Amino acid sequence: MTLSLCSFGGRLRDSPSLCTLTSSLMTVKSYLYQRTANDGYLVTVRKDSSDDSRCFGEMSSVDPKKSTPTYVRIEAPLKVIRTSVSDLMKKGYKLQDAIPESLKYLVNGYQSQFD
């Protein structure tokens, strides 16, 4: 269903008639940083603006070998996530070329496993 912001009172409606369509151009990208076979972090970045101060991300600790999250997770502004990723890289975590198929259910963020 596409929701439209109506020009009459600014209410959301499920019908495009007499409404101006408001689109959201949110991009979601995920990256896997891994140190050992059992130790990694899945980083998901959500951007809906060119202003990074308005964008958020999340980091989930994962066990890539078992294909499970270890339930250590932070959600924070993008600046904090970038600092955390920098710290991970200093600890020896490396950006992986691909995310294993078994972790794809987490690719759009932690909440996607409940969809």
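Analyst: One aromatic pair is found in a search of the whole structure; rings of Phe, Tyr and Trp (its six-membered ring) pair if their centres lie within 6.5 Å, with planes under 30 degrees apart counted as stacked, over 60 as edge-to-face and the rest as tilted. The pair consists of Tyr41 and Tyr93, edge-to-face at 5.6 Å centre to centre, with 70° between the planes. Because Tyr41 belongs to strand 5 and Tyr93 to the loop between helix 1 and strand 8, the pair ties together parts 52 residues apart in sequence. Helices (H or I, at least four residues) and strands (E, at least two) are DSSP runs, numbered from the N terminus. Tyr41 and Tyr93 are both buried (under 20% relative accessible area, with exposed over 50% and partly exposed in between, for a 1.4 Å probe and protein chains only).

The model is predicted: local features need pLDDT of at least 70, side-chain atom pairs count only at pLDDT 80 or more, and totals for chains, interfaces and linings use all residues. Residues are numbered from 1 along each chain as its sequence is written, and side-chain values use heavy atoms, leaving out hydrogens and water.

As for the surrounding sheet, its five strands form an open arrangement in the order 7-6-5-4-8 with antiparallel pairing, where two strands pair if DSSP finds at least two bridges between them. Strand 7 (68-77) and strand 8 (94-95) each have a single partner strand, so one side of each is left without a neighbour in the sheet. Strand 5 (residues 39-47) runs antiparallel to strand 6 (residues 56-63), joined by seven bridges; Arg46 has Phe56 in strand 6 as its bridge partner.
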